[in-house]
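Here are my notes on the ligand site and one of the pockets. Have the model open while you read.

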Amino acid sequence: MTKDLDTNFIPQEQIDQSSSDHSIQDSKMVDTAEAEQLLRQGLGKRALRGDSKVNGSSAASGDSDMLAGGIHGYEQITQSALSQRVKKFVTTTVMPVFLIAFVPNLMVLIWYTVMHCEGSYLKMMSVFANRSILSGLSDMWSLIRYPSAPIIWTLVVYCLYALAMMKILPGQKVTGPLTPKGNVPVYKDNGFAYFILTLGLFWVLTVILHPFGISPSMLYDRFDEVIFALNAFSIIFCAFLYIKGRVAPSSTDSGSSGNIIFDYYWGMELYPRVFGFDIKVFTNCRFGMMVWALLVCVHSVKSYELYGFVDSMFVSAVLQLLYITKFFWWESGYLRTIDIMLDRAGFYICWGCLVYIPGLYASVTFYLVSHPIHLGPMVTCLFLFLGAISIYINYAADVQKQDVRGANGECLIWGRKPDIIRAKYQLENGDVKESILLASGWWGLSRHFHYIPEIMLAFFWSVPALFDNIMPYSYVIWLIILLTHRSYRDDSKCGKKYGLFWRQYCKKVPHKIVPYLF
Ligand SMILES: NC(=O)C1=CN([C@@H]2O[C@H](COP(=O)(O)OP(=O)(O)OC[C@H]3O[C@@H](n4cnc5c(N)ncnc54)[C@H](OP(=O)(O)O)[C@@H]3O)[C@@H](O)[C@H]2O)C=CC1
Ligand SMILES: CC(C)CCC[C@@H](C)[C@H]1CC[C@H]2C3=CC=C4C[C@@H](O)CC[C@]4(C)[C@H]3CC[C@]12C
């Protein structure tokens, strides 16, 4: 196989056509006659389409909810057309402007709460008493220091190191999912090696530099500078991605919505590459997820320097590091999830991974540095055990789906032949493809059952902070909102992609996340 563009995509023509025209044949499948008949008659086309158009250019994301009303027809000036327009304006302009302006402040709020309000949101809120939100925020920003040379150098050296390792470390070639434009992104699967090497280097450097009075805990002491530097860099970087997407897109999976604000927020390209570096692998995995792990280590070092061993920090750090280890072990699987196959590289995902992950995801251990709590061995072991089980279930569900697809349904799920739906869908160019939807095992309990252990785990690494403040639960609260929204987004995306086949799956597995409830 040869690859097109910057040698990172396999173009559609060269993809093995064998998968393109399977007949519906699984013995466990029911209710598919209708779908097959529609397909034969060509009526299923729309139902099976996974994509929509935005102002004539393809919304490679396939997420027309996010792109708000991108399907155009003849518009009559009716009540509903007007409300559609308002809805579109809100989702493509008002919301993005609000988020771009507001979320960088959120990181400052978290920092301010921990460093200046003893971790209490109530105290933090008092800053806003009897004054405007803007003047309260500006007071907080005035406490943020400009990044000093050590912080800038640490970040620059880390990024160069991360980029170099993406190329240097060995790894098998893996492919991402087929895009709506029919490209197949190619990656080097070296995330786990990178994770182990980086953690190893962190601890070696910590020990070597200790006698010279240099400690990674400087990143905790100067986290305001880190937040400033990351925010400034990300905002400029997203502008660069926007321009790049306009003038030199890396693949055909790109295009404008016609609204510059939305394009900046949501991104222009699905899989941008710069000098052969995959931007989303860098921002999401090698920066966001790795910096999260490193910050957890930084906070542990700081806590150790202050008080010696503290079991609450230990529980939280161990569970988070285990989770991130699982993430890197499964990195090639992550490259097949919504973030990668649906979300374009814009402010949402790139700023999110460059700033939001370090700021919010690592906020529990950040809080625990100034709130050491002694849990005792029993409670420590209990939280560790329950957290580990949650990680296992979440991982098992992710892998189960991957395995069934990898084995083309010829495997056992919980000791039985899997209940699968061979779901057809259509690419933009009209080609019909097929995917497997698993309707047994974890994926038979609810359509996103794996979100439950994800949330439980976050709870178990936050609960060592006990219940003095809400602040350490910020991440859990965010996660509940994010995953609930995501379950709707994914349903909508899959509904559009698989049409009748998705409805058939929903009939078999009627609940989104919580079996029998939701
Ligand atoms: N901590 C955090 O902030 C977050 C963590 N996560 C975690 O990341 C991991 C990935 O989650 P997420 O990205 O939401 O995606 P999912 O793992 O839920 O995967 C969604 C995709 O899987 C495919 N799919 C859906 N149902 C089935 C099925 N029954 N059988 C086979 N394939 C199916 C569809 O893709 P296709 O088009 O290929 O059919 C769908 O778009 C999870 O472990 C989740 O808990 C997720 C979000 C946030
Ligand atoms: C603009 C912001 C308000 C929102 C930014 C959101 C992003 C930072 C997060 C959205 C989805 C998140 C993730 C999805 C799936 C993941 C797999 C999991 O195993 C590890 C975590 C993560 C990579 C997670 C990271 C943050 C998001 C990208």
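1. Ligand 2 is surrounded by 17 residues, with Y323, F327, D339, G352 and Y361 the closest (a residue is near if one of its heavy atoms lies within 4 Å). Bear in mind that this is a predicted model: local features need pLDDT of at least 70, side-chain atom pairs count only at pLDDT 80 or more, and totals for chains, interfaces and linings use all residues. Residues are numbered from 1 along each chain as its sequence is written, chains are lettered from A and ligands numbered from 1 in the order written, and side-chain values use heavy atoms, leaving out hydrogens and water.

2. Y323 has a side-chain N or O atom 3.2 Å from an oxygen atom of ligand 2. On its own ligand 2 exposes 610 Å², and the protein buries 92% of that (Shrake-Rupley areas, 1.4 Å probe).

3. Which helix gives the most to the shell around ligand 2? That's α15, with seven residues. α12 (311–329), α15 (347–361) and α20 (474–498) each supply at least two (helices are DSSP runs of H or I, at least four residues).

4. The shell around ligand 2 divides into 14 nonpolar residues, one polar and two charged (Asp, Glu, Lys and Arg count as charged; Ala, Val, Leu, Ile, Met, Phe, Trp, Tyr, Cys and Pro as nonpolar; the others, Gly among them, as polar).

5. Now the second largest pocket: its volume is about 680 Å³ (the space filled by probe spheres set on grid points joined across faces, edges and corners; a pocket is an open set of points on a 1 Å grid over the protein atoms alone, where a 1.4 Å probe fits, with protein on both sides within 12 Å along at least five of seven lines, and lining residues have an atom within 4 Å of a point). Of its 24 lining residues, T154, Y158, F202, L205 and L219 are the closest to the centre. The lining holds 20 nonpolar residues, four polar and no charged.

Definitions and conventions:
A polar contact is a pair of N or O atoms within 3.5 Å; within protein, one must be able to donate a hydrogen and the other to accept it, and residues adjacent in sequence count only if both atoms are side-chain atoms.
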